[in-house]
Amino acid sequence: MPPTRKKPRQRSIQWFGRQDIYGFIYRSWVKNRGVPNDQFDGRPVIGICNTWSELTPCNTHFRVLAEHVRNGILEAGGFPLEFPVMSLGETLLRPTAMLYRNLASMDAEESIRGNPLDGVVLLGGCDKTTPSILMGAASVDLPTIFVSGGPMLSGKYRGQDIGSGTNVWSMSEDLRAGRISIEEFHEAESCMHRSHGHCMTMGTASTMASMVEALGVALPGNAAYPAVDARRNVLARTAGRRIVEMVRENLVLSRILTRPAFENAIRANAAIGGSTNAVIHLIAIARRIGVDLTLDDWDRVGDGVPTLVNLMPSGKYLMEDFCYAGGLPAVLRELGENGRLHKDSLTVNGKTMWENVHEARCWNRDVIHSFRSPFKKNTGIKVLRGNLCPDGAIIKPSAATPQLLKHRGRAVVFENIEDFHRRIDDPKLDIDESCVMVLKNCGPKGYPGMAEVGNMPLPPKLLKKGVTDMVRISDARMSGTAYGTVVLHISPEAAAGGALALVENGDMVDLDVAKRRLELLVDEKELKARKAKWRAPRPPLERGYWRLYFDHVLQAHEGADLDFLVGKSGSFVPRDNH
Ligand code: FES
């Protein structure tokens, strides 16, 4: 049992414990669905923060998951109150779900603080639903447990496993190169996503589910149990029981989300070959809770950690295989046995990280490799600097072609994603495999929302020649399910006047990942002349959230949060509402 801090008066008592007109108002309306009087006796009131939505296909089983959480809360003597927050579906929401991550975080933060809650269980699954609600909860800092929705079962197509996203990209290239028919393409659509759950590759959703487990804010096993596995429901029910105890122990989120916890997550990300999106999300979450995590921490802390997990997009297996091989606890044990884990980090079950994982077993060494025989050596996330990215850019070497990690090539520039789509299929496009594809205006302000378009598809004429990878650079993000020698998150972005805005066709670009360099080989005087002609873009919309976002979004290296959302306001009880 962890030591407890002095326990403040439970928040919910300031609503439900009142013996005046306000207490009447706070209790009476809740009773309208049959809640008995004894539920207002001072027991912990637990919010179940649900990102269920039919517009978020990865989260459509969350009503069932929430019922399991509710049962656990009741069993432990708590009073559950479920509430919806904005849900962000990666596949349907335009122009990109990332534009709304910060908005959803505000929804979660204000919903938690403004209501009579003593603790909260967060239900997230699809990519942005995890960081958004965790960012919001961090700014309130109540006792909090995260329960992920779990990955889908493996895709099965013509006797082969196919993975979300990863095989969409490869089959799309096959279609464009004429290697498969449109009928085969359609058939694969029905075979890829065949159960509830989120993407079952080590994409952003699986990565973030692993991150919350590595941070200690989710229970052991959270990352890998498939959405339809009964153990997922048991985990949800256990989380419901545990959150009630956490309120009694006053085990608030800031005691879990410490710097060592973030360092554990960074190393876990390297070991699982996790998504580049985790970089932005973890920096944003850390800055909410008061940990000054930087881009350089990613390179420094993750350096020397090999990729252990052989999952798409870096490898060949899928999350179901990862689960059966032992899941994240087996990976964390490897990190711990090799001096790469802060073992004393506290987790939501009240135990240290090491207490949770020191006996975890690996059942398949082809899926989860050991440090002694890693899947890929020293990979992780590498942070690049240079005149093209003075505030940083990132690359994921485990998903890249090793020979291209040191490369000099002629720039072929696309001013925005529409320009790219207009020209990429043109057989007359002046490009060969030695060129560097440069995409501008896809960063936080430029898109807006920093879309996942950095893994630009290759020109069909090169695909037909058998070219499978080229160096691509942009201020965009990349889907966690994607792969290639792709430099992302260039900061400052083009739309904020970064040097990326000044790149022209024919310029030489020099990439040297070992030296952590990305340079535009154009002399300073010429760049100054180009900058003098550059004009800042107008906001994409003059009003509403898009305008607020454009005016306040921070650059990628600061987590792309809104400037006024960084930090926390805590769990103070606002004044009465009548
Ligand atoms: Fe929802 Fe991939 S689309 S997790």
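Which side chains meet in a salt bridge at 3.4 Å, N to O? They are those of Asp-512 and Lys-406, where a salt bridge is a side-chain nitrogen of Lys or Arg within 4 Å of a carboxyl oxygen of Asp or Glu. The pair links distant parts of the chain, with Asp-512 in strand β13 (residues 508-512) and Lys-406 in strand β9 (residues 406-414), 106 residues apart. Helices (H or I, at least four residues) and strands (E, at least two) are DSSP runs, numbered from the N terminus.

The structure is a predicted model, in which local features need pLDDT of at least 70 and side-chain atom pairs count only at pLDDT 80 or more, while totals for chains, interfaces and linings use all residues. Residues are numbered from 1 along each chain as its sequence is written, and side-chain values use heavy atoms, with hydrogens and water left out.

The two partners of this bridge can also be described by their accessibility. Asp-512 counts as buried at 7% relative accessibility, whereas Lys-406, at 59%, counts as exposed; buried means under 20% relative accessible area, exposed over 50%, and partly exposed in between (1.4 Å probe, protein chains only).

Side chains of opposite charge can pair when their charged atoms come close. Over the whole structure, a search finds 51 salt bridges. One of them joins the side chains of Asp-141 and Lys-568 (3.0 Å, N to O). Asp-141 lies in the loop between α5 (129-138) and β4 (144-148) and Lys-568 in the segment after α20 (544-552), so this pair ties together parts that are 427 residues apart in sequence. Asp-141 is buried, with a relative accessible area of 12%, while Lys-568 is partly exposed at 39%.

Arg-517 and Glu-519 form another salt bridge, their closest N and O atoms being 2.4 Å apart. Here Arg-517 is partly exposed at 34% relative accessibility, and Glu-519 is buried at 19%. Elsewhere, salt bridges that share partners join Glu-90, Asp-127, Lys-128, Glu-452 and Arg-477 into one network.

Just after α6, Gly-178 takes a positive phi of about 80 degrees.
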